[in-house]
Amino acid sequence: MRATVLLSAGRHPVSGRASPVAVEMQAIRLAIDLGATPSGLHAGEAASAAQDALGHGLSRLVLLEGATDDPLPALLDHLRRLPPDLLLAGRRGQGGSDSGLLPYQLAHGLGWPIVADVVRLTRSGGKLIAEQALPRGARRVVTLSLPCIVTVHPAALPALPFRLAGLQGEVRSVPVAPTPATSQPELRPYRMRPKVVERSAGGGSVLVGVSAEQAASAILSELRRLKMLAG
Amino acid sequence: MTEPNSRLRRDPRAERDRLLVPGAARLRLDRAGTTGTPSASPVPPAAIPRMRRVAAPAFLVLAVLDVTSGVLSAHDRQLLGAAHVLAGEAGAVVVLAPPGLAGLETAGADRVLTSAPSDGYDPDGKAAAVMTAIASLDPRHVLFAESADGGDLARRVAASGHFPLAAGIEALGANFAVRPCSAGRFEERAAPARLLSVAPDRIGGYAGLPCEALALPETPWPPGCPFAATIRSGDPSQLPLTEAAFVVAAGDGLTDFDMFARLVTALGATPGASRVLCDAGLMPRDRQVGASGSVLAAECYVAVGISGAPQHLAGITGVPHVIAVNTDLHAAMVARAGLAVIADAQDVMRALLAQLSA
């Protein structure tokens, strides 16, 4: 099974230095656990973060050099020529626009199904069974046909530890035609804004001097009203 | 009397006489105007609009609600608040929602477009339904919730319609939208894109007059190709506290930890603890609630034997429903709770277990 992991030009959220993106390294592990030998694919200039990914278990790395502003045409062209069975990506990039839109654009361009926020992958026959993370710890188990795209959620198993020897893996550079520069939006240093919190002021009912049984039934009826109990 | 520049001239003595309360033994001025003459142009009560009506909207803003559990969530209300920021007075807010959703008028829906979802997990079919709604209404902006399924839907629609998407909006005005980028070190400020997804708890809900929620013709749900999918709910006892919906937490008033564990299992809740218990090694550190532990996003919190130090209450500011069991009537947690029981924690836990097993 050929698995390809999309690598972005990651930046560390604190230091701002080029560093691999955690969810993409977790994606490499998901592919290895599936029995594949994943290769990496990166389009763009800053490749030092992508090269570090070799140390986390990638067998080889393909760099599409020259696609600086819009990596989509170069990636689509490459994936159409050498289509993998499974394409993995992080749920959001870290260091660029961070919109998480690129895997969906690739899925639309290639006509492949896409499932987001995957934490576990298994194979059953010719199908891929992806476990998708939902809020409140729930999981949705989705059956997919190959080829397909999955994006990886941070709740997946942690990345394999870094091996320095892995950095000697094969790196292949493919020159691509540069894309025209698009207009850059106005960037400012991030400012943390306060979250909207709808406070409840309290001041509810207070039960004083009741027996433990009465207190328990009051608590249970309140929990049933809030639909917190199954019964 | 006017000055040469025709501005009305103040007469401080006449103003003071108007504020003078008659019959008082000493000088009393009523500055609030409760007993004086009524204001110059009283608004008759009938003239106050009781409802927001947009008869002929200049443009439309479509909000695709992320109704996960059959009711409007707080995130859905924030989505409508953001839609009203973009719509203003001239535009109208259209919601795309499953049929039979209650409370849309007060949440801020000017128009309602219903679309019955197909069975199963069919994100591409839902994206196609949104594309149909965009084609028929031609809205200026389309808003999505940046949640697990809402964010996925926004990206599917953006990719299939080649629309620009501003993902994870954290601040919004009529002519700007701000979203974080570059690993959260920078933020992007631009004019609102055609498609926006709104981050949770960043933009307040709609707080204006009730809207009319006029029904538009139903959008057909195009037959997609749903994935074969099953949902498995999480084990509440293993959930991280930040993800849990229902937390039962123990404090220093608790002595019987075995009974506490049985109660948490019987209630189907996630266990939590105060700092005192975690410091003493009686509960694991990852169960600590509060400023130095986890800040909860739960729906309901039951505090057993927790007095409620400010650092602990900081962890439950976002919890709407709090139940407290404490022996101290004057504990801060009792003041914070919606229902408080003044009793010993062990007795109440024993009675709860007995009633749950009955």
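Helices (H or I, at least four residues) and strands (E, at least two) are DSSP runs, numbered from the N terminus. With that in hand, hello everyone, and let's start with a loop. A:Pro147 is found in the loop between strand E7 (139–145) and E8 of chain A.

Before we go on, some housekeeping. This is a predicted model, where local features need pLDDT of at least 70 and side-chain atom pairs count only at pLDDT 80 or more, while totals for chains, interfaces and linings use all residues. Residues are numbered from 1 along each chain as its sequence is written, chains are lettered from A and ligands numbered from 1 in the order in which they are written, and side-chain values use heavy atoms, with hydrogens and water left out.

Phi brings us to two residues in chain B. B:Asp201 is not a glycine, yet has a positive phi of about 60°. B:Ala213 is not a glycine either, and has a positive phi of about 50°. B:Asp201 sits in the loop between strand E9 (195–198) and strand E10 (214–216) of chain B, and B:Ala213 lies in the loop between E9 and E10 of chain B too.

Are these residues buried or exposed? For the words themselves, buried means under 20% relative accessible area, exposed over 50%, and partly exposed in between (1.4 Å probe, protein chains only). B:Ala213 has a relative accessible area of 15%, so it is buried. B:Asp201 counts as partly exposed because its relative accessibility is 29%.

Now, how do the two chains meet? Contact means heavy atoms within 4.5 Å, and 73 residues of chain B are in contact with 72 residues of chain A. Together the two chains bury about 6300 Å², 58% of it on carbon and sulfur atoms. Buried area here is the accessible area (1.4 Å probe) that two parts lose on being put together, summed over both.

Let's look inside. A nonpolar core is a set of buried Ala, Val, Leu, Ile, Met, Phe, Trp, Tyr and Cys residues joined through side-chain atoms within 4.5 Å. The largest one has 37 residues, and those with the most contacts inside it are A:Ile219, A:Leu223, B:Phe246, B:Val248 and B:Leu267. Among the elements that each supply at least two residues of this core are helix H5 (212–225) of chain A, and strand E12 (246–250) and helix H6 (257–267) of chain B. A second, separate core of 34 residues includes A:Leu30, A:Leu128, A:Val152 and B:Tyr121.

Which residues does B:Leu267 touch? Leaving aside neighbours within four places in sequence, the contacts of B:Leu267 include A:Leu220, A:Leu223 and A:Met228 from chain A, and B:Phe246 and B:Leu356 from chain B.

On to charges. Side chains of opposite charge can pair when their charged atoms come close. A salt bridge is a side-chain nitrogen of Lys or Arg within 4 Å of a carboxyl oxygen of Asp or Glu. How many are there over all chains? The search of the whole structure finds 28. Four salt bridges are found across the interface of chain B and chain A. A:Arg140 and B:Asp149 also meet through their side chains in a salt bridge, at 3.2 Å from N to O.

Some pairs sit within one helix. A:Arg225 and A:Glu222 form a salt bridge, with their closest N and O atoms 3.1 Å apart. These two are three residues apart in helix H5 of chain A, so about one helical turn separates them. A:Arg225 is exposed because its relative accessible area is 53%, whereas A:Glu222, at 18%, is buried.

Helix H6 of chain B has a pair as well: B:Asp258 and B:Arg262 are four residues apart there, about one turn of the helix. Their side chains meet in a salt bridge at 3.8 Å, N to O. B:Asp258 counts as exposed at 53% relative accessibility, and B:Arg262 as partly exposed at 44%.

One last pair: B:Asp279 forms a salt bridge with B:Arg285, the closest N and O atoms being 2.9 Å apart. Elsewhere, salt bridges that share partners join A:Arg92, B:Glu146 and B:Arg155 into one network.
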